[in-house]
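This report describes the strand pairing, helix packing and surface of the structure shown below.

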Amino acid sequence: MKAMTIEKYGNVPLELTEQPLPVVSAHDVLVEIHAASINPVDFKIRDGKVKLLIPFQFPLILGNDFAGIVTRVGSAVTQFQVGDAVYGRAEKQRIGTFAEFIAIHEDLVARKPDALSFEEAAAIPLVGLTSYQALHDVLQATPGQKILIQAGAGGVGTFAIQLAKAMGLYVATTASPAGHDLVKALGADEIIDYRTVAFDEVLHDFDGVYDTIGDDTLRRAFKIVRPGGQIVSISGLPNGRFGKAYGSGVLKTMLFRLLTVREAFLERKYRVTYTFLFMKPSGRQLQHITEWIETGQIKPVIDRVYPFEAAQEALAYSESGHAKGKVILKVKEAN
């Protein structure tokens with residue numbers, strides 16, 4: 001099969017190569033991929049920023065979420081059959097959606113919403129599951145609570161705003177002027193132009209923050225959260241609590257504690273809990289998201305669709321930070 005691969009860590013270009021078909025285990029389905037989406041985690045993996053958490057092997061096929069058609073089922077599969085249209089987020093140790101096929105455990109996929117094209121469906125799994133786990137599982141947000149979602153016009157933000165509004169939350173978000181109309185249309189209650197206004201000077205007593213940026217932006221967020229509130233980040237650094245829960249071992253957990261000394265200090269100072277989120281694939285949760293999609297409460301937001309052979313160009317555009325919504329790879333042309 002054709003696949004987009006890298007041979008080493010670093011800012012290296014993707015290469016179109018021939019790779020063997022994935023091995024299909026008893027509980028796996030083999031999916032012919034029609035579309036995949038680009039996510040920040042793709043260039044973080046490429047750059048080696050995730051290798052402390054997951055030791056990948058080379059050549060490595062990049063790509064984390066997809067939509068496609070089941071072409072083979074393992075001997076123990078009970079939920080799907082050949083011909084089913086599905087979408088999902090690959091297991092962290094078995095990524096590789098920038099390819100013509102992927103083998104994935106049946107518990108990690110869901111049936112594609114009928115109303116969505118493959119390109120639209122591919123825009124959902126990673127950002128959808130990440131946002132669901134951030135807002136529902138970690139923040140445990142309840143109707144009426146105030147949440148800040150950073151970078152509202154981006155791939156994660158456009159989904160998270162819609163999900164937060166479907167959950168009954170008050171949503172503030174940051175965006176450049178070019179993204180204001182978009183995030184307002186998605187339901188944002190308060191929009192902050194991060195180029196001219198410091199969010200931590202105008203927001204107060206928020207119940208939670210969904211951070212997608214990290215670094216100083218993450219640390220400034222502590223100032224706007226009420227005592228007892230929470231910050232969940234997908235772009236910050238793992239802390240000691242994460243290392244212990246993830247089973248990273250003593251040495252890595254100690255390293256995570258050292259790397260997040262400032263975050264730990266801010267937790268104590270503001271009495272706010274910081275959680276690093278490393279999303280877990282889940283077909284069950286994706287089915288919950290499908291229900292919101294089918295009722296029209298959540299719609300995919302797509303900036304551009306690239307042909308499969310232009311995967312490097314698509315990755316570069318996503319990495320530029322200029323995309324409003326998701327960047328999609330069309331892996332298989334429609335018949």
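A residue is called buried under 20% relative accessible area, exposed over 50% and partly exposed in between, with a 1.4 Å probe and protein chains only. Helices (H or I, at least four residues) and strands (E, at least two) are DSSP runs, numbered from the N terminus. The model is predicted: local features need pLDDT of at least 70, side-chain atom pairs count only at pLDDT 80 or more, and totals for chains, interfaces and linings use all residues. Residues are numbered from 1 along each chain as its sequence is written, and side-chain values use heavy atoms, with hydrogens and water left out.

Strand β3, residues 28-38, is mostly covered, as ten of its eleven residues are buried. Two strands pair if DSSP finds at least two bridges between them.

| Partner of β3 | Bridges | Direction |
|---|---|---|
| β5 (residues 65-73) | Seven | antiparallel |
| β7 (residues 101-105) | Five | antiparallel |
| β16 (residues 326-330) | Four | antiparallel |

Glu32 stands opposite Ile69 in β5, Leu30 faces Ala103 in β7, and Ile38 is placed opposite Val327 in β16.

An open sheet is formed by six strands with parallel pairing, in the order β11-β10-β9-β12-β13-β14. Its edges are β11 (190-193) and β14 (273-276); each has a single partner strand, so one side of each is left without a neighbour in the sheet. On average, neighbouring strands of this sheet are turned by 15 degrees against each other, direction ignored. Axes are lines fitted to C-alpha atoms, for helices over the stretch in contact, and angles run from 0 to 180 degrees between N-to-C directions.

Within the sheet, β9 (residues 146-149) and β12 (residues 206-211) run parallel and are joined by three bridges. Leu148 has Val209 as its bridge partner in β12. Helix α3 (residues 125-138) packs on the sheet and touches β9, β12, β13 (225-233) and β14, where contact means heavy atoms within 4.5 Å. The direction of α3 makes about 155 degrees with that of β12.

Which loop holds Leu52? Leu52 lies between α1 (40-46) and β4 (60-61). With a relative accessible area of 39%, Leu52 is partly exposed.
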